[in-house]
Amino acid sequence: MPWTDDLLAFSAGQLTPRLCESLYARGVTDEQIQHFQIGYVNKRLPTLEGADDFLKWSHQGAKLDDMFVLPLTTTLGVVKGFQFRHVDRGRKGYTDFFLSQDEPVLFGLGQAMPHVWTTEKVLLVEGAFDLFPLQRHVPAVFATMTAKVTLPVVRLLRRLVHQVWLGYDMDAKGRKACFEFVREFGREFDTHIVAYPKLYKVGSKELLNDPGDLWETWGDIRVGEFVKSVMDT
């Protein structure tokens, strides 16, 4: 059994009701916790045979301080990387580890593929917590993990889809990524840019920026109605 399976099993076993509540508050359901194999680590790791590079990178786990574990997969669902996100939402940023990048290794890629193959369409979002509120309604979605569609991902899309939906954030970086994709590859795909409603975040005078903000403002039913109506083409 590869060491990645050992890490997945260990980290899944570290999830507590408190940690699950934190995930629920960010739009993640119990079913998604299982489906995407989300876990948790806090500096302590199990014995991981053959994981020398990972153990060195993580300083034997000391680098992984109070973090959710998000497995990154290939199109075949093989785990070839991990993203680690702080539980405390006030601690910005994340850290990634890849076993290999000789092919796209992304969050939700393996889970999306059966639906991508069936529909020949895909919805791209930036990060994992953008994905969760939408995936329940549009399962052909994965996170590119940055506001950019890299060339390896473009090559993958060329083989699989005719229709691309760009669900990146509403900030300048996200909108720029959408327009750049349309300019460079818009003739190759039936391309659409998702524009999230101009609403204020709950309890704030700041406009919402991403699907997670939209879910916190509208809730699951209205988000589902919105994304299905937008993509009903």
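Good morning. I begin with a sheet in which 4 strands are arranged in the order β6-β5-β7-β8; this sheet is open, and its pairing is parallel. At its edges lie β6, residues 141-143, and β8, residues 190-193, each of which pairs on one side only. Between neighbouring strands of this sheet the average turn is 20°, direction ignored. Please bear in mind throughout that the model is predicted.

Let me take one pair in detail. Strand β7, residues 163-166, joins β8 in the parallel sense over 4 bridges. Which residue of β8 stands opposite Trp-165? The residue is His-192.

A helix also packs on the sheet: α5, which covers residues 109-119. Helix α5 touches both β5, residues 121-125, and β6, and its direction makes about 145° with that of β6.

I turn now to helix α9, residues 211-218. Gly-212 is itself buried, as are Pro-211, Asp-213, Leu-214 and Trp-215. Against which elements do the buried residues of α9 pack? They pack against three helices in the model: α2 at 17-24, α6 at 128-135 and α10 at 220-230. Just after α9 comes Gly-219, with a positive phi of about 90°.

Thank you for your attention.

Notes
Residues are numbered from 1 along each chain as its sequence is written. This is a predicted model: local features need pLDDT of at least 70, side-chain atom pairs count only at pLDDT 80 or more; totals for chains, interfaces and linings use all residues. Side-chain values use heavy atoms; hydrogens and water are left out. Two strands pair if DSSP finds at least two bridges between them. Helices (H or I, at least four residues) and strands (E, at least two) are DSSP runs, numbered from the N terminus. Axes are lines fitted to C-alpha atoms, for helices over the stretch in contact, and angles run from 0 to 180 degrees between N-to-C directions. Contact means heavy atoms within 4.5 Å. Buried means under 20% relative accessible area, exposed over 50%, partly exposed in between (1.4 Å probe, protein chains only).
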